[in-house]
Amino acid sequence: MKGLHRARALIGITAAAAAFVAGCGDDSDYANNPRPPSPIVVSASINNGKVSVSPQEFGAGPVTLIVANETERAQEITLETDEIGGSSPGITQKTGPINPGDTASLKADLKEGKYRVAAGGDDIKAAALKVGAERPSAQNELLQP
């Protein structure tokens with residue numbers, strides 16, 4: 001009987017060890033690519049006949065644009081590339097209508113270049129954004145989304 005228990009225990013230990021070794025596997029095809037930069041928030045407001053943005057210059061990477069409509073009528077915001085004949089295709093992203101006194105946001109992964117933030121009305125002057133070289137990776141930063 002004792003021999004049978006030992007044999008079963010040995011088989012169990014051997015099976016567990018084999019499963020462990022098989023689980024380790026060859027990770028030579030695993031690429032530990034760096035994370036993108038941490039997202040930043042860019043604030044904008046529509047008032048006094050213009051769109052104001054802060055900051056107006058920052059490095060490339062993920063951005064959340066939060067817009068406050070301080071006018072008396074609903075507005076839409078368009079974030080678009082402002083380069084003629086750029087080296088890569090441009091972007092155009094729009095918010096839905098933003099009611100007076102309300103806010104809206106849009107997210108974009110901006111590359112290096114010039115951008116324009118414009119409101120729907122022709123009487124509202126657009127704001128310019130200058131996006132520089134990519135911000136540093138968030139690879140070793142804790143508690144990132």
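Modeller: The account below begins with the core and then turns to strands that contribute to it. The model is a predicted one. The largest nonpolar core has 23 residues, and among those that touch the most other members are V51, L65, I77 and V117. In soluble globular proteins, nonpolar side chains tend to be buried together.

Several strands supply two or more residues each to this core: strand 1 (40–47), strand 2 (50–54), strand 3 (57–69), strand 4 (77–81), strand 6 (103–110), strand 7 (113–119) and strand 8 (127–134). With five residues, strand 3 gives the most.

V51 shows how parts of the chain meet. Beyond its neighbours within four places in sequence, V51 is in contact with I77 and V117, and also with S45, A118, A119, I124, K125, A126 and A127.

Strand 4 also holds T78. T78 counts as buried because its relative accessible area is 14%, and the limit for a buried residue is under 20%. With neighbours within four places in sequence left aside, T78 is in contact with T92, Q93 and K94, as well as with R116, V117 and A118.

Strand 3 and strand 8 run parallel and are joined by four bridges; E57 has K130 in strand 8 as its bridge partner. Strand 8 also pairs with strand 7, here in the antiparallel sense and over five bridges. In strand 8, V131 stands opposite G113.

How values were computed. Residues are numbered from 1 along each chain as its sequence is written. This is a predicted model: local features need pLDDT of at least 70, side-chain atom pairs count only at pLDDT 80 or more; totals for chains, interfaces and linings use all residues. Side-chain values use heavy atoms; hydrogens and water are left out. A nonpolar core is a set of buried Ala, Val, Leu, Ile, Met, Phe, Trp, Tyr and Cys residues joined through side-chain atoms within 4.5 Å. Buried means under 20% relative accessible area, exposed over 50%, partly exposed in between (1.4 Å probe, protein chains only). Contact means heavy atoms within 4.5 Å. Two strands pair if DSSP finds at least two bridges between them.
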